[in-house]
Every structure is written in structure tokens, then in C-alpha cells.
Amino acid sequence: MKKRFFSTLLAMLLIFTMLPTTALAAGSDATLSALTLTGATLSPAFSSGTLVYTASVANSVTEITIAATRSDSDATMTLKKGSGSAVAWDGTASTQTLDVGENVFTIAVTSEDSTTLKTYTVTVTRASISGDATLSALTLTGATLSPAFSSGTLNYTASVANSVTGVTIAATKNHAGATMTLKKGSGSAVAWDGTASAQALDVGVNVFTIAVTAEDGTTNMAYTVTVTRSSTSDDATLSALTLTGATLSPAFSSGTLNYTASVANSVTGVTIAAAKNHAGATMTLKKGSGSAV
């Protein structure tokens, strides 16, 4: 009985050994499951079925990093830039230099069974160096620019009363890569980002120069703002007027010139006090047809 069992087992083993084995079919998937760009933004957002992408960067961006993941790890990939040679690539982060203008990166994916090829392209455009040395905005707080600001107009003027002792200047570069300086008169030019800058005014002419240098380092434009502060004040008003011993009617207001007051017969005098609105003004006081003192 035991002998028959072992004979049967041996026969079965021989049969299984002689059966042909079936290998797993090689995959035909040549897609990517991920594609990332560090230093720029893919457009459109990655989708496995989308093969063409673009991105734009400023001139200051000199390189980007590309990484990709195969949907089938047994597929193969190559990466090339422009008309250069394709190199075998496993999809790990690869840093690529950028030329000014268009940079075309091609990712070719071949399926495991070599029957399917998909080609993904990423075109990264690096901006050229800008020669823009203009302003997009220029404002003066405390005075009015004349003429109204226009990017192509370089010279401006403004006039203020003697009582105005300062103005605030602010400016915006038209191109972010440009640089600016600000100086007053024959003073030193200082680097400036265009944020509001308070500037004291001397009596007479005050010339402010805003020098803009383009990103290319050679194109320059100079905007001038000439603010003239009057040498004398025309302010002849009072800032205060009081009457002790009587009540002014109406109540004091700098622009009101005529007042009255009434007192009882027992009141034999009043005290008058006044304050000039401008320190450089002068005052006299007289009663009736008497002399002004």
C-alpha cells in the first residue's frame, strides 16, 4: 500500500515538472504618474495623459529641477534638453540650467515590452534681461505734481506755501528688476525701493532726483521733482482771540473778522488777547479813531 502511494506521488511530480511554465506578460504602460518642476510652475497642472507643458521664469532664475515617476517601474526613461543627447534617467531630481529664451526638456518613456513610447515635453521660457528704466507711479504728498504723472515725462514741479516744511515722495518701478536711487539737490544718492520717503524742504527751490537703472545695468532714466517753497507767508489770520470781562459774539473763528460784546454799566474795562497764525506776521491794536500801537 505504501509502495503504491509513493509511486502515485512520483508520477504526479513528473507530470507537473513536464508542464510548460507561463511567464508574466511584460507591461505596455509608458505613462508617468508624476512630473514636478522646482523653481517654476507647470502649466497645465500635471495629468498622466497630458504630454505637453510650459513654464515661465524671470531672467534671474538660472536653473530648475525636474523629477518624474513612471507609472510602471519596469518602463524605461530618457531625458534630454533641446537638441542634446537623450540620457537614461530613473526620474530622480535632475537640476537643469536655463538659457535665456525657450528651454525644451523631453522625457521619453518606453514601456517594458517596448511596444509603447510616450514623449512628455516641458518648455521653460526664461525672460530676457529688461532694459526698462521707467517708473509706473510717482506721488508727492503735501504738494501737487505738475504736470500729472506720466511714465514718459521726466520733469515735474510743485509749489508750496512757506508754512509747508516737508513733502513725502513715493515711486514704483515699472520693472521689478530695475534699481533706484533718490537724492536731494547736490547731496548723495541713496539706494531706494520707492517706499514713502519724507523730505524736508528748504525755503526756495528743492530738487529731488530719482535715478532708475534697468535690469540690463546700462539703461538709465532720471526723473526730477522740483518743489519750490515760498520765502514769505501770506498768512494774516489769527489763531486765537479772547476777551476777558465780556463774551465775544459769535465765538472766535479764524476766518470771522467782526465780533461784538455787551457789558453792564458797572464793567469799566476788558482785556483783549490774540495769537497770530503765522509767527512771521505782525499785529497792531487800536481803539476807535486812536493810533494803532
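Which residue forms a salt bridge with K81, and how far apart are the closest N and O atoms? The partner is D99, and the closest N and O atoms are 3.3 Å apart. By salt bridge I mean a side-chain nitrogen of Lys or Arg within 4 Å of a carboxyl oxygen of Asp or Glu.

Before going on, two remarks on the source. This is a predicted model, in which local features need pLDDT of at least 70 and side-chain atom pairs count only at pLDDT 80 or more, while totals for chains, interfaces and linings use all residues. Residues are numbered from 1 along each chain as its sequence is written, and side-chain values use heavy atoms, with hydrogens and water left out.

K81 sits in strand β4, residues 76–81, and D99 sits in the loop between β6 (94–97) and β7 (101–110). The two are 18 residues apart, and the pair links distant parts of the chain. Helices (H or I, at least four residues) and strands (E, at least two) are DSSP runs, numbered from the N terminus.

As for exposure, buried means under 20% relative accessible area, exposed means over 50%, and partly exposed is in between, with a 1.4 Å probe and protein chains only. K81 counts as partly exposed because its relative accessibility is 24%. D99 has a relative accessible area of 44%, so D99 is partly exposed.

How many salt bridges does a search of the whole structure find? The answer is two. In the other one, the side chains of K184 and D202 meet at 3.3 Å, N to O. K184 lies in strand β12 (residues 179–184) and D202 in the loop between β14 (197–200) and β15 (204–213), so this pair ties together parts that are 18 residues apart in sequence. K184, at 26% relative accessibility, counts as partly exposed. D202 is partly exposed too, with a relative accessible area of 44%.

Next, the largest pocket. Its volume is about 580 Å³. Some method here: on a 1 Å grid over the protein atoms alone, a pocket is an open set of points where a 1.4 Å probe fits, with protein on both sides within 12 Å along at least five of seven lines, and lining residues have an atom within 4 Å of a point. Grid points are joined across faces, edges and corners, and the volume is the space filled by probe spheres set on the points.

The largest pocket is lined by 24 residues, and L238, L241, I272, A274 and L285 lie nearest its centre. The elements giving two or more residues to that lining are β17 (238–244) and β18. The largest share, four residues, comes from β17. What does the lining look like by class? There are 17 nonpolar, seven polar and no charged residues. In that count, Ala, Val, Leu, Ile, Met, Phe, Trp, Tyr, Cys and Pro are nonpolar, Asp, Glu, Lys and Arg are charged, and the others, Gly among them, are polar.

I272 and L285 come up again in a nonpolar surface patch of about 520 Å², together with V263, V267, V270 and V293. Such a patch is made of residues with over 30% relative accessible area and no salt bridge, with nonpolar side chains (Val, Leu, Ile, Met, Phe, Trp, Tyr) joined within 5 Å. Accessible areas come from the Shrake-Rupley method with a 1.4 Å probe. V293 is in the segment after β18 (271–276). V293 counts as exposed because its relative accessibility is 70%.

Last, some backbone details. Which peptide bonds are cis? One runs from S43 to P44, with omega near -5°, and P44 is in the loop between β1 (32–38) and β2. Another runs from S249 to P250, also with omega near -5°, and P250 lies in the loop between β17 and β18.

S114 is not a glycine, but it has a positive phi of about 65°. S114 lies in the loop between β7 and β8 (117–126). With a relative accessible area of 59%, S114 is exposed.

The loop between β17 and β18 also holds S254, which is partly exposed at 31% relative accessible area. S254 and A236 are 18 residues apart in sequence and 9.9 Å apart in space, C-alpha to C-alpha. That is where I stop.

Technical notes
Patches are made of residues with over 30% relative accessible area and no salt bridge: like charges are joined within 9 Å, nonpolar side chains (Val, Leu, Ile, Met, Phe, Trp, Tyr) within 5 Å.
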